[in-house]
Structures are given as C-alpha cells and as structure tokens.
Amino acid sequence: MRRLKTESCNVTFIVGLISITLFLVTACSPATEEMPQAVDVTVFEGARLIVGDGSEPIEDAAFIVQDGRFIEVGPRGQVDAPAGAERVDLTGKTVMPAIVDAHKHAAGDREALVDQLQRMAYYGLGVAMSLGTDDGDLALQVREETIPNATRLRTAGRGITAPEPGRGEVPYWVTSEDEARTAVQELAERQVDMVKIWVDDRSGRYEKLSPSLYGAVIDEAHMHNLRVTAHIFALEDAKGLLQAGVDAFAHSVRDMDIDDEFVELVLERPYLFLVPNLPGRGVVDDMSWLSETLPPEEVERLQASATDRPEAQEGFGIQARNLARLNAEGMRIAFGTDGGTPWAAHVEMEDMV
C-alpha cells in the first residue's frame, strides 16, 4: 500500500522539458494523528490512479485535495477524509499526471494561442513544446505566463533548415556554417528552450540541411548550453546526426527499418531521446470515444475520414517496428504529437501501446 499522509503535504507535479519527465516533489510538515476538519476539502473516490512515479496504479483509489493540492492518496477505505469534505465519485475513470507533449506547433496570434492552450489543457496536457515555427515574441511572452485553464508553453522559437521555398518562412534558412552559427546565437539570446532543425528533402523537393551545417548548429548550440532536436525522415540522416551529437529526434526513422549500426549509435548516447510522433494507422477507428467532448457532427466527420489506407498502414508499420525495437533496446522515449489537434495525445498513447 502506498499512502501520502501529513498535516500539510504539498504534492506538486513539475514538468521539466529538459529531461522530458515528471518529478514528484513533496514538502511536508510533521504528521499529526488526525487531519483538521475542513469544509473546502474534496475527496475523490473510485478511480484508477496513476501516481506518476513508475509504480503500479492504485485501483479503486481515494485522494484528498485541498486548495488545489493532493494531501493524501491511497486505496479507498484507507484514506482518512476530514469531516465535512465534499465527495466526488470517479468510478470507471482514470486519473493521471498531466501529459507533457514535446512536439506541438503554437498558433501565431495571442487569441488563437490561448484558445489552443486551453483546449489542450482540457484534454489533459500540462506542458507543450512548440518546435520551430514561433516568430516574434508571442510564444516567449506566453511562456512566462500562467493562463487560467491553459497548458504551459515552451518554445524552440524559429527552427533552422536549408532553404525551402513555398513552405513556411518562419525558420532560419541557412546556407553556410556562419549563418547556422549566427542563427543559434540569436536563439540563445532569446533564451529559447531548445533548438529545432529539419533534415529532410521533403520527398526530393529541396536540398537537405547538410552534415556540415547541422554539425555547426549542434556545436554552437552546445556551446550555449542548448540541446538540439531534429526532424528527420531517413535512416542515413539519423546516423549522421547521431555522429554529430544531436540530443533528440522529433520524429523517428521513417523510410526503412533501423539496423544494428543505428541501435549501437543510440546506445552510445544514454541521454538521447526520441519523440516518435507516430503517423495515422490507416485503419477504420471507432471515433465514438470523442462523443462526450465534441459535437455530433464533428464526430461524424472524423468517423467518415477514418478509412482503410494501405499506404498509411505501411508507413505506420515501419515506425511502429522502429519504436518497438528502440524501446526494447532501452532508448529514452518521450511523448509528442505534432500538429495542433487538442485530443491527439490520447490517440498517440494508444498508438504507442
């Protein structure tokens, strides 16, 4: 049995994007034999509770919340509720720590961004990392704010890529090592949370960011204590980035199954992490699980778009096999969904399972 019980035990889930993990921090005053009576305390009962520390879930849990903080957690019937506490029945539901989404793209104006963050919070996101498409000061300003009922924002600012005419023009387009290093220096001045690079020819339409250029980005970023995450597609590029010292992958290898050489390069870097961003499975999914949170016509539209697509199934298969192998080999796996769909985290979790 796991129980957290003190007179005032403040349990705070701190989401750290530097490590893409959850830490459970407790600061407790000496325990007393009885909890004080309080009418503003709520007892939640009956849920499956995922504590967030790697331990097994507590089935049929009870937890007490006072002033927005957990003050006691344990199996139902073994938690001492204060007199006058409100009770909420959560039977059939699951309670878990807020989700960290390490790959999103933030909206470009404040009203839309606040709406986006509040929608993500509604679906359980505590923190979202916007990767490489944030121009100006908006994302940096919102990062410093606590907006009611909204996901907290982190940002990579403007990403770095080779020129891609016809695509978004927010990222730095670099063609020399000097330009690559200057871009990183500007990002460091703006105190971004990470550096994002794209190493992808977009199905042969563009020249990729070359090894000399992404090597300069990674080297300069590390001199400024910044980590670099890379959008990739091809196995060959992933190997080159590993040899250059990249810190994270914002997508997995997507063109073929990974090989032993790639796995060996990964295992040489214990702090490297992968954000898989699995694609659609290309199968007919039952979208009725969204019926409690979306209008019926929207659920119908989503259901109509959930069709069998063999080419998507093939792409999903490659990435699913790569993720399964890397997970089995012990690579650090983080979580991210790309795009802006607010409920995407739940789809991604199911896909990863």
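Me: How much accessible surface does the chain have, and what share of that surface belongs to carbon and sulfur atoms?

Reply: Happy to start there! In this predicted model, the accessible surface of the chain comes to about 17,700 Å². Carbon and sulfur atoms account for 50% of that area.

Me: And what share of the residues is buried?

Reply: The chain has 353 residues, and 45% of them are buried. A residue counts as buried when its relative accessible area is under 20%.

Me: Let's turn to sheets. How do strands pair in general?

Reply: Strands of a sheet pair through backbone hydrogen bonds, and the pairing is either parallel or antiparallel. For a case here, find the open sheet of three strands, whose order is β10-β11-β12 and whose pairing is parallel. Its edge strands, each pairing on one side only, are β10 (99-104) and β12 (152-155). On average, neighbouring strands in this sheet are turned by 20° against each other, direction ignored.

Me: How many bridges join β11 and β12?

Reply: Strand β11, residues 125-130, pairs with β12 over four bridges, in the parallel sense. To see a bridge partner for yourself, pick M129: its partner in β12 is R154. Then look at α1, which packs on the sheet and touches β10, β11 and β12. The direction of α1 makes about 135° with that of β11.

Me: Could you show me a residue in α1? Is Q116 buried or exposed?

Reply: Q116 lies in helix α1, which spans residues 110-122. Q116 counts as buried because its relative accessibility is 12%, and the cut-off for buried is under 20%. Setting aside neighbours within four places in sequence, Q116 is in contact with H105, A106, A107 and G340.

Me: Now for helices. What describes two packed helices?

Reply: Two values do: the angle between their axes and the distance between the axes.

Me: Which residues of α3 and α4 meet?

Reply: From α3 come E177, A180, R181, V184 and Q185. They meet residues of α4 including S212, L213, A216 and V217. By class, this contact has seven nonpolar, two polar and four charged residues.

Me: Where does α5 come in, and at what angle does α4 cross that helix?

Reply: Helix α5 covers residues 235-244; its axis and that of α4 come within 10 Å and cross at roughly 35°. On the α4 side the contact is made by Y214, G215 and I218, and on the α5 side by D237, G240, L241 and A244. Sorted by class, there are four nonpolar, two polar and one charged residues in this contact.

Key
Residues are numbered from 1 along each chain as its sequence is written. This is a predicted model: local features need pLDDT of at least 70, side-chain atom pairs count only at pLDDT 80 or more; totals for chains, interfaces and linings use all residues. Side-chain values use heavy atoms; hydrogens and water are left out. Helices (H or I, at least four residues) and strands (E, at least two) are DSSP runs, numbered from the N terminus. Buried means under 20% relative accessible area, exposed over 50%, partly exposed in between (1.4 Å probe, protein chains only). Contact means heavy atoms within 4.5 Å. Ala, Val, Leu, Ile, Met, Phe, Trp, Tyr, Cys and Pro count as nonpolar, Asp, Glu, Lys and Arg as charged, and the others, Gly among them, as polar. Two strands pair if DSSP finds at least two bridges between them. Axes are lines fitted to C-alpha atoms, for helices over the stretch in contact, and angles run from 0 to 180 degrees between N-to-C directions. Accessible areas come from the Shrake-Rupley method with a 1.4 Å probe; for residues, only the protein chains shown count as cover.
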